[in-house]
Amino acid sequence: MGDHAPAAVEEYEYEGLPPNFTLAENMAAGAFAGIAEHTLMYPFDLLKTRLQVINPSPGGLYTGLSNALSTISRAEGVGSLWRGISSVILGAGPAHAVYFATYEAVKHAMGGNMGNEHHPLAAATSGACATIASDALMNPFDVIKQRMQIHGSIYRSIVHCTRTVYRNEGLAAFYVSYPTTLCMTVPFTALQFTAYESLSKIINPNKGYDPITHCTSGALAGAFAAGLTTPLDVIKTLLQTRGTARDADIRSARGLFRAASIIKRQHGYAGFFRGLRPRIITTMPSTAICWSSYEMAKAYFIRHQDD
């Protein structure tokens with residue numbers, strides 16, 4: 001009879017959080033994941049922004065990813081690749097805390113942690129709800145970040161950028177891209193979470209903590225979602241950097257369809273895929289780092305509770 005006692009030790013599966021896993025621990029895991037992801041991949045995010053800018057200043061024209069990297073490093077210094085990172089660090093922690101807390105809560109409520117079968121609807125819905133909540137918090141920080149990333153940026157710091165944008169364009173400037181951001185991030189996150197949950201179950205059917213599984217699933221899911229949503233990311237970049245544009249049409253762009261028409265008129269359909277390579281190159285390690293960091297932090301808290 002004593003041989004059967006150890007079976008009761010594991011009363012929950014790793015993917016389904018234990019009942020006493022607190023909101024604070026969940027948010028801490030999410031914050032850790034967000035800061036780790038954005039800090040490590042920030043230079044590639046800056047390169048993506050530079051390549052996506054429509055009608056940039058003469059010094060901001062690049063023929064590709066490697067040309068952008070070498071030109072920026074040579075002309076502006078290697079440190080410029082991290083210009084605006086403080087905005088991301090300030091916003092990413094709280095935004096990702098909200099992101100993963102919402103994700104786990106909605107997934108649990110929809111039965112996404114039950115059994116070994118796939119739950120694509122629960123994964124997609126939890127991802128969509130998570131991004132709506134987190135983007136409301138992150139969008140102003142993202143606007144500041146991209147204003148500081150572009151070539152010839154006049155902003156000395158995030159405080160200077162915030163004050164200048166608010167004074168010249170009003171509070172709405174920090175949220176003009178929010179509807180477009182949601183149009184991009186909701187399908188991006190739904191696709192990513194669905195792919196991640198499905199890949200994780202295929203690669204790691206026993207659902208235990210496995211860093212290689214989380215890293216691989218995160219990278220593949222991110223690449224899949226990033227490629228499909230690049231056109232919306234280009235539109236978002238135009239809207240978030242419009243205040244610095246020399247083109248009058250871009251400066252007056254007010255929404256998704258107006259921005260899309262400008263891109264189509266100036267660059268054709270190819271314009272919607274500007275920065276595709278750096279977006280995928282950035283997203284794959286970003287989502288790998290994000291999911292690995294989150295799952296590692298989650299495993300730490302679960303192990304800590306067991307001790």
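Predicted model: local features only at pLDDT ≥ 70, side-chain atom pairs only at ≥ 80, totals over all residues.
**First stop: the aromatic rings**

Select Tyr99, Phe100, Tyr103, Phe193, Tyr196, Trp291 and Tyr294, which form one aromatic cluster. A search of the whole structure finds 11 aromatic pairs. About one helical turn separates Phe100 from Tyr103, because they are 3 residues apart in helix H3 (residues 85–109). Both Phe100 and Tyr103 are buried.

Which helices hold the two residues? Tyr103 lies in helix H3 and Phe193 in helix H6 (residues 178–203), so the pair ties together parts that are 90 residues apart in sequence. Tyr103 has a relative accessible area of 1% and is therefore buried. Phe193 counts as buried because its relative accessibility is 0%.

**Second stop: Ser217**

Select Ser217 in helix H7 (residues 211–240). Is this residue buried or exposed? Ser217 counts as buried, because its relative accessibility is 0%. Now display the backbone of Thr213: its oxygen lies 2.9 Å from a polar atom of the Ser217 side chain. Leaving aside neighbours within four places in sequence, Ser217 is in contact with Tyr196, Leu199, Ser200 and Ile203. Tyr196 is also one of the residues in the aromatic cluster.

Move to Leu137, found in helix H4 (residues 120–149). With a relative accessible area of 35%, Leu137 is partly exposed. Which residues does Leu137 touch, not counting those up to four places away in sequence? They are Pro94, Ala95 and Val98.

Select Ile158 in helix H5 (residues 158–169). Its relative accessibility is 17%, so Ile158 counts as buried. Not counting residues up to four places away in sequence, Ile158 touches Ser86, Ser87, Leu90, Ile144 and Met148. The C-alpha atoms of Ile158 and Met148 are separated by 8.0 Å, and the two residues are 10 residues apart along the chain.

**Last stop: Lys264 and Tyr269**

Finally, select Lys264 together with Tyr269. Lys264 lies over the face of Tyr269, at 4.7 Å from the ring centre.

How values were computed
Residues numbered from 1 in each chain as written. Heavy atoms only, no water. Helix = DSSP H or I, 4+ residues; strand = E, 2+ residues; numbered from the N terminus. Buried < 20%, exposed > 50% of the residue type's maximum accessible area, 1.4 Å probe, protein only. Polar contact = N/O pair within 3.5 Å; in protein donor to acceptor, adjacent residues only side chain to side chain. Contact = heavy atoms within 4.5 Å. Phe/Tyr/Trp six-rings, centres within 6.5 Å; stacked < 30°, edge-to-face > 60°. Lys NZ or Arg CZ within 6 Å of the ring centre and 35° of its normal.
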